[in-house]
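Please look over the sequence and the structure first.

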Amino acid sequence: MPRPTARVLTLLELLQSGGTRTVAELADRLGVEGRTVRRYVDQLIDLDVPVESVRGRYGGYRLAPGYRLPPLMLNDDEALAVLLGLVAGRRAGLTTTEHTANETASAKIRRVLPKHIARRLDALLEALAFTDQPREFDTPDAEVLLTIADAVHHCRPVSIRYTDRDGRRSERTLHAYGIVAHAGRWYVTGKDARIDEDRTFRLDRIADARTLPGSFETPEGPGPAQRVVSAFATAEYRHEVTLRIHGTVEQIRARLPASVASLEEHEPAAGQDRATERWLRVELRAQRLDWLPAVLASLDRPFVIERPDELRDLVTALADRLASYARQA
């Protein structure tokens, strides 16, 4: 039978999970009577754990909002989830500029784990391998990230100091619609109030962010993630490419995702299946064209190059090379 101390810690763990717990629920989970639950609550209060009593029909006990508990109580599955999340976040670049925070958080969790659980988790992390290579990303400042997130939540303008890819610095007032994690980077999308146009900014290029007075209304339409990938597909690059490809949306998107190309979809005729293959117009912008012939070949779908002529020449050259390779004994 569990000792009273073990039951008190179990009570603390139940309260940590959030919400209000009734006396009957806690008594059932702990296997004790209601008056014993109240005695355990008094013991937690004596330890300076702020347990609040909630009156009424759905009353019971809860922890005071915002209280940071000294003991972090994780079971095996929770500890595994946290550590794997830290590993995955570090490899994907989805961390803040404090790279050591990830490592110190992992170390703190391991330090308080029971030895048998720590050994099993360490064995898993040692045995774990990834098919992709870890990449180094310029990561955003934590305070900038949190300030912009708060501005998004409350629909408040935010002043940012931004450095673009050419090294030009500027100060802008942004009506931020949302924060998006894409391909290992953090982005914020919103309206640049100075030019009254939607823009997407890399968070690691924002040196400072300050919330401003006032508010704005988030426009209807695509969500932040769709706005970001659309911005990539229409960004100003050296080449503008227009194609017509015969296939389904799914076939084309498998090689040319929304972050690379915009797709002009046509409503199918009455009685026609939306998934039926048909000619679709594809537009994209690229700084270089040398990667595109191989992508078009991998689609294995009929296509027409409307522009530029340079792409047509590159596709022809690739086809000639492949034909010459195939003829070799």
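## Nonpolar cores

A nonpolar core is a set of buried Ala, Val, Leu, Ile, Met, Phe, Trp, Tyr and Cys residues joined through side-chain atoms within 4.5 Å. The model examined here is predicted. Its largest nonpolar core has 20 residues. Those with the most contacts inside this core are L243, I245, L256, V282, L292 and L311.

A second, separate core has 18 residues, among them L14, L15, L26 and V51.

## Around L243

Set aside the neighbours within four places in sequence. L243 then contacts L280, R281, V282, L296, V304, I305 and L311.

## The α10 and α11 pair

Two packed helices are described by the angle between their axes and the distance between the axes. For α10 and α11 the angle is about 65 degrees, and the axes lie 9 Å apart. The crossing is right-handed.

From α10, the residues L292, P293, A294 and L296 meet L311, L314, V315 and L318 of α11. This contact is made up of 8 nonpolar residues, with no polar and no charged ones.

## The chain as a whole

The chain holds 11 helices and 11 strands. Of its 329 residues, 33% are buried. Among contacts with a separation of 6 or more, 62% join residues 24 or more positions apart.

The chain exposes about 20,600 Å². Carbon and sulfur atoms supply 50% of that area.

Definitions and conventions:
Residues numbered from 1 in each chain as written. Predicted model: local features only at pLDDT ≥ 70, side-chain atom pairs only at ≥ 80, totals over all residues. Heavy atoms only, no water. Helix = DSSP H or I, 4+ residues; strand = E, 2+ residues; numbered from the N terminus. Buried < 20%, exposed > 50% of the residue type's maximum accessible area, 1.4 Å probe, protein only. Contact = heavy atoms within 4.5 Å. Areas by Shrake-Rupley, 256 points an atom, 1.4 Å probe, with all protein chains shown as cover. Axes fitted to C-alpha atoms, helices over the stretch in contact; angles between N-to-C directions. Left-handed = near helix turned anticlockwise from the far one by under 90°. Nonpolar A, V, L, I, M, F, W, Y, C, P; charged D, E, K, R; others polar.
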